Amino acid sequence: MSNNGPENLEELLEEDLYGLLGVDPSATLSQIQKGWRKKSVKCHPDKFPDNPTKAAMFLKITSVLDLLTNPKLKARYDNKNKARAIRLANKRKLGEKTRKFRDDLEERERAYKRQKTDSDTEKINLAAEIERLREDGMRKLREQERRRAEKVKELEKVKEKKKADPTLHLKWNKKEKSYTKTDLERIFSPFGPIDDLIVGAKGNRAVLVFRNAVDALQGSRTVSNHPIYKLEISWASGAPPLLDSAAKSAESQPNVS
């Protein structure tokens, strides 16, 4: 990303990028660019030369513009936001169902309590019915809690899968070796499909996104240990993914020359 460096990509994807530019998530490319222009007027370094806070904001919204005008990165950000919205909606839905059930149960109990009876037998039966309803209600609540816990586990599994991020950060010394986008594609494409490849403006960094983490793991292991290439390779997630299938596949790496 411009001015921010590829190492800040993951942090940027966690923010409200549309909000930073003051536009709607459904905004068109021209609307996004217009939003950036409006925001940049309020923090442009030429207007505020001695204000580091304004300068930092200008760099940030410029990086946001770069990301939202990159079709693949924008799609990745939008998909991430949609998944987050679905999780929140599911959580609210479960909460509403639980509240409604409790309200219904309490209303039924109040209705029974309002009933007047002259017979001790009827009172006993009423108390027994209330207890049965309470026990039945608690059983259903426990069942709902169990289902909710299963939902949480499913969401955690999705989160774990997301941790297997196939994004690599590449870095090299331009004095020793110089790489273009074509060079990097030639080196890494034998390991699997590449979804995105962005070379930094300074020409000594790049962000490489494989189709899956298994291919990324193979590529990073092979290239980093190759005597010809002098590339520093790190993971956007901070560490290589722990994938059994990836570890087995990495033993039979493709021949790279």
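Biologist: How much space lies in the second largest pocket?
Modeller: This is a predicted model, where local features need pLDDT of at least 70, side-chain atom pairs count only at pLDDT 80 or more, and totals for chains, interfaces and linings use all residues. Residues are numbered from 1 along each chain as its sequence is written, and side-chain values use heavy atoms, with hydrogens and water left out. A pocket here is an open set of points on a 1 Å grid over the protein atoms alone, where a 1.4 Å probe fits and protein lies on both sides within 12 Å along at least five of seven lines. Filling the points with probe spheres gives the volume, and for the second largest pocket that comes to about 270 Å³.

Biologist: Which element gives the largest share of the lining of that second largest pocket?
Modeller: Lining residues have an atom within 4 Å of a point, and there are 13 of them, with Arg87, Asn90, Lys91, Val152 and Leu155 nearest the centre. Helices are DSSP runs (H or I, at least four residues), as are strands (E, at least two). H5 and helix H6 (120–163) each supply at least two lining residues, but the largest share, seven residues, comes from H5.

Biologist: And how many residues of that lining of the second largest pocket are charged?
Modeller: Asp, Glu, Lys and Arg count as charged; Ala, Val, Leu, Ile, Met, Phe, Trp, Tyr, Cys and Pro as nonpolar; the rest, Gly among them, as polar. The lining divides into five nonpolar, two polar and, for charged, six.

Biologist: Which lysine does isoleucine 32 touch, not counting residues up to four places away in sequence?
Modeller: Contact means heavy atoms within 4.5 Å. On that count, isoleucine 32 touches Tyr18, Leu21, Val23, Ala27, Leu65, Leu68 and, as the lysine, Lys74.

Biologist: Is asparagine 70 buried or exposed?
Modeller: Asparagine 70 sits in the loop between H4 and H5. Its side chain reaches the backbone nitrogen of leucine 73 at 3.1 Å, and beyond its neighbours within four places it is in contact with Asp196 and Ile198. The class follows from relative accessible area (under 20% buried, over 50% exposed, partly exposed in between; 1.4 Å probe, protein chains only). At 19%, asparagine 70 is therefore buried.

Biologist: What class does lysine 230 fall in?
Modeller: Lysine 230 lies in the loop between helix H8 (213–224) and strand S4 (232–235). Leaving out residues up to four places away, lysine 230 touches Lys171, Trp172, Glu176 and Tyr179. With 47% relative accessibility, lysine 230 counts as partly exposed.

Biologist: How far apart are the C-alpha atoms of arginine 108 and arginine 134?
Modeller: Arginine 108 belongs to helix H5 and is partly exposed at 43% relative accessible area. Along the chain, arginine 108 and arginine 134 are 26 residues apart, yet their C-alpha atoms are separated by 10.0 Å.

Terms used: Polar contact = N/O pair within 3.5 Å; in protein donor to acceptor, adjacent residues only side chain to side chain.
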